[in-house]
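Here is a short briefing on one protein model. Keep the sequence and the 3D view open as you read.

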Amino acid sequence: MRKILLVFLAIFSVVWAEDPVIDVVNKGVVLPKIIVKDNSNLSDANLKRSFYNMIVNDLKVSSNFEVVDEGSENSNYTFEYALTKNGEKLNLNIKIKAGGAEKSNQDYTLNKVEQYPFLAHKGVKDSVQFLGLAPVEWMDHKILIARTNSSKRSQIIMADYTLTYQRVIVDGGLNLFPKWANEEQTMFYYTAYDHDKPTLFRFDLTSNKASKILSSGGMVVASDVNKKGDKILVTMAPQDQPDVYLYDLNSKNLSKLTNYSGIDVNANFIGEDESKVVFVSDRLGYPNIFIQNLGSTSAEQAVFHGRNNSAVSTYKDFLVYSSREPKQAGVFNIYLMSIKSDYIRQLSANGKNLFPRFSSDGGSIVFIKHLGNQSALGVIRVNANKTFYFPLKVGKIQSIDW
């Protein structure tokens, strides 16, 4: 039983990260210019420098501004902030000015200084909203990462999107495949062993306690949760054959959605009404993505591009997937498509671009990029046609959720 889950785990092996270094591609769009003014009076020079860099990077990643040096002529906006520290508590004031007029004036408080990246992310997110620019609601959301730290041992870690903040949530044993359980990000699912049996747990961040949800021989992995948070798509293999199941948390009813003699995994709800699911299957002799109505046993091929499409994420009627390129050894690219049209768009180039995940607003995609011996967490700003990279340095990432 453990062998099946470990084989499934072997598909997901990438590298872990530390300090953020930002890179931007696909430049050329004329953006409003913004000046960042740090009015802080901090004795902690490292915090002062790190917070300033985080604000500047966030403004760049929002893809709404061109950040220019203080004193530059013809700037459109000024982002003024003052950060103060009192023990472990941080207070932040942000003022946005345009042409000398104050557009917003907001105060924030944070009780744990090590979480300062989220304070910067929220301040930039709110400022973008106040100015009526393209929203970045995902910016202060947390990322869940399963990190392998030794043989048959892995941790569940919570991080910000730059991977600057890292906190171990679940440790000890083999802890895999974290998946947020609700939009508020107060709970998540993960897979671990309970008496040598793969078990799906739900961890409550408010109480720091885990509860058992499902157990199954072979494997059990939560791949998606519906908008209401009361139904889970699960991959299970009670007879050593992975299939997709739907579990109703209210009724405790478990229904089998696929019944193929090969491999069906990684199901995601798709469509405004979540009446369909897409999943990865080898029923063509290679991994590809299929679509199926809930309540039906008939699946149809959804992607007709590539011969190794082994990772998928969805947002409304869109799906994003990683596909191996023909005649390009080891090259995987990220593609975006709609199930309601023939629309398809390539989002990445070069190297291995793997494990894409949509942001909560569908406007951004996070993924893992390998290029030569270097690896990074990438953030694609879809409408802005820009990609930002944050280097991955230490350990191995098994899976991520945003």
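Phe-269 is buried, with 6% relative accessible area; buried means under 20%, exposed over 50% and partly exposed in between, using a 1.4 Å probe and protein chains only. The model is predicted, so local features need pLDDT of at least 70 and side-chain atom pairs count only at pLDDT 80 or more, while totals for chains, interfaces and linings use all residues. Residues are numbered from 1 along each chain as its sequence is written, and side-chain values use heavy atoms, leaving out hydrogens and water.

**Around Phe-269**

- Phe-269 sits in strand β19. Strands (E, at least two residues) and helices (H or I, at least four) are DSSP runs, numbered from the N terminus.
- Ser-313 is 44 residues away from Phe-269 along the chain, yet their C-alpha atoms are separated by 9.0 Å.

**The largest pocket**

- The largest pocket holds about 790 Å³ of space. A pocket is an open set of points on a 1 Å grid over the protein atoms alone, where a 1.4 Å probe fits and protein lies on both sides within 12 Å along at least five of seven lines. The volume is the space filled by probe spheres set on the points, and grid points are joined across faces, edges and corners.
- Its lining has 30 residues, and Glu-183, Asp-224, Val-225, Ser-359 and Ser-360 lie nearest the centre. A lining residue has an atom within 4 Å of a point.
- Strand β19 (264–270) gives two or more residues to this lining, as do β11 (176–180), β15 (220–225), β23 (309–315) and β27 (352–358).
- The lining divides into nine nonpolar, 11 polar and 10 charged residues. Asp, Glu, Lys and Arg count as charged; Ala, Val, Leu, Ile, Met, Phe, Trp, Tyr, Cys and Pro as nonpolar; the others, Gly among them, as polar.

**Helix α2**

- Helix α2 covers residues 45–61, 17 residues in total. From first C-alpha to last it reaches 24 Å, close to the 24 Å expected at 1.5 Å a residue. The expected span is 1.5 Å times one less than the number of residues.
- Asp-44 caps the N-terminal end of α2, with a side-chain oxygen 3.2 Å from the backbone nitrogen of Asn-46.
- Just after α2, Ser-63 takes a positive phi of about 65°.
- Buried residues of α2 include Leu-47, Phe-51, Met-54 and Ile-55.

**Aromatic pairs**

- The model has 17 aromatic pairs. Rings of Phe, Tyr and Trp (its six-membered ring) pair if their centres lie within 6.5 Å; planes under 30 degrees apart are stacked, over 60 edge-to-face and the rest tilted.
- The Phe-51 and Tyr-116 rings have centres 6.5 Å apart and planes at 50°, so this pair is tilted. Phe-51 lies in helix α2 and Tyr-116 in helix α3, so the pair ties together parts 65 residues apart in sequence.
- Phe-51 is buried at 0% relative accessibility, and Tyr-116 is buried at 14%.
- The Phe-188 and Phe-203 rings have centres 5.4 Å apart and planes at 20°, so this pair is stacked. Phe-188 belongs to strand β12 (residues 187–194) and Phe-203 to strand β13 (residues 197–204), so the pair ties together parts 15 residues apart in sequence.
- Trp-180, Phe-188, Tyr-190, Phe-201 and Phe-203 form one aromatic cluster.

Methods:
Polar contact = N/O pair within 3.5 Å; in protein donor to acceptor, adjacent residues only side chain to side chain.
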